[in-house]
Structures are given as C-alpha cells and as structure tokens.
Amino acid sequence: MSAADITILTFSLSAMVLLLSTRRFPFSIGLQIFLISASFFPNYSAPWNKLPDELGQVKILERILEDRKTYQIFLIDDFDSLRPWKIYRGDAFLNNTAFISKTPSGPAWEREKQVLSPWLSQGKEYSFMIHSFVEIPGKEKVEIRPQEPITFPDGVPVRLFFWAYAENVSMSGKLILKQEKSKDLMIDIGNFQFEGWRRIEIPIRIPARNVRLIQSLQIPLQLKGIRFQSSPHQKKGPFFIYLDQMSVLLDTSQAKYPGSEIKDNWGD
C-alpha cells in the first residue's frame, strides 16, 4: 500500500468516525481531532533516526567473507599512528590533528576487531582526531590526506566501513579516490550529526569507466584524502571528529576479465 493510499484510508476512517459520533456513538472531541490530524500528518512521515544495528552489520560482513571467497578486506588504516596524516586544506585558523587514546567500545567494536585482526597493527590503540573551527558555516571545509596516497590492492571496492566519533556536528564527509587516466572520484560517506561513537557503513559505486581501468590496464585506485564540509546549519565555532578502523570490502572477481593480460591501451 502506497503512502497516498494510507492517507486516503486514514482520512476516510476519520470521516466515518465523525459521522457515527453525530448519530450513535459519543466519541470524544479529542479523538475526532486526533483522527483528522492523522489523516493529514500520518505517522509514516514522522522523522525517526533509527540507530544502525552495528553488531548485525559486522555479522553480515563475517558471513560474506566466509561464503564468498572473491570478497576480501582491505584495511585502509587503523589509525594507530603508523601512517602520518595531515590537514591538506583548511580555511580555519584552528587546524590540529593528533592520534588520541580514545577508541570505540562495545560488542560490535570487539567483534569487528576479531574480523580485522590479521591486518590490525599490534600495540597501543589510537584513533585519529581532527580538531578545527567553522567560521562561515556552509562555506568552510577541512581536508585530511595521508602523507602518501594509499593504494588499493586488486579488486573493486564495494563497501566502506569505519568508526567515527562526533559531537552532533552538521558536517558531511567525502572520500577522495584518485586513479591515473581519470578525474578524482568523490564518494559520499554520510554526515556526522550524531553524538559519540558510531559505526558507519556505506556502499561504494565505482563508475564503469574506472572499473575498466582496473580490469584492462591494471590501474589501481588510491585513497587521496577525506574531506569534511560544513553545512549552513553548523554552528560557528570549534569541532572535533575522530576516525578509527577504516576498511573497504573488495570484490576481487571484478579485478580482471578474460584477456585482460593483453593491454589494449583503452582510455589513452
């Protein structure tokens, strides 16, 4: 049943109640008002920010890795201070980054660490802090980059997942991917308008042209940087965002096609 059908049905029921109330049943005025209001403002349109099932997401990831051997994990960075990152572009006077002993907790976090254990660094755990300032909401952005671009192995990235800490900042993020013979790809990674730690998982849709570059010319994708853009609703002032345990799921079955070893110079 569509949203329009639900609205019509609710309005019809409320009209029926009004008719009956004038004849037989002494329905209260409050109930009549409620039903009429429901016909114009049905509950399916009410905003509802449902929290993600983080543990369920990790379990699905485990099953995919067990059942589909062509899917593999690539750990972009666990942010445990082994790879230098810096702010490449920031309009604010306050632009600080640091590796902080502040990490997520809970069953989803612990289970995901088990899944990623073959690739995680050993030692003290950190997250990566971005501390900056919004002077003109909607205009300013902050971009962080690894000291060297991070090259993806063979395969096409299909999902990105990472942990983020925010303090209800009205900002969105983009993953910046680079590839030779192509312009940079800007992958939306959602907004950071939430409190505390959250596991973020999004699909990645690589354009067909870039997939063919991987297949025919064996040109890999690289992570160039991560950009944070303030919205017009963001308050002026300082903000914090923390990142941890960023990974992608690679579909290695798309890395090559029959005859891909013969270079056809496609895209030159």
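How many of the six residues of strand E5 (residues 141-146) are buried? Five of them are, so E5 is largely enclosed by the rest of the structure; buried here means under 20% relative accessible area and exposed over 50%, with partly exposed in between (1.4 Å probe, protein chains only). Strands (E, at least two residues) and helices (H or I, at least four) are DSSP runs, numbered from the N terminus.

This is a predicted model, in which local features need pLDDT of at least 70 and side-chain atom pairs count only at pLDDT 80 or more, while totals for chains, interfaces and linings use all residues. Residues are numbered from 1 along each chain as its sequence is written, and side-chain values use heavy atoms, with hydrogens and water left out.

Strand E5 is joined by four bridges to strand E11 (residues 222-230), and the two run antiparallel; strands pair if DSSP finds at least two bridges between them. Val-142 has Phe-228 of E11 as its bridge partner.

In helix H4 (residues 107-116), the buried residues are Ala-108, Trp-109, Glu-112, Lys-113, Val-115 and Leu-116. Because they cover an arc of only 155° around the axis, taken from the directions from the helix axis to the C-beta atoms, they lie on the same side of H4. The face turned away from that side carries the exposed residues Pro-107 and Gln-114.

The buried residues of H4 pack against these elements, where contact means heavy atoms within 4.5 Å:

| Element | Residues |
|---|---|
| Helix H3 | 54-67 |
| Strand E1 | 71-77 |
| Strand E7 | 156-167 |
| Strand E10 | 195-203 |
| Strand E12 | 237-251 |

The chain has a mean pLDDT (the predictor's confidence in each residue, from 0 to 100) of 82, and 75% of its residues reach 70 or more.
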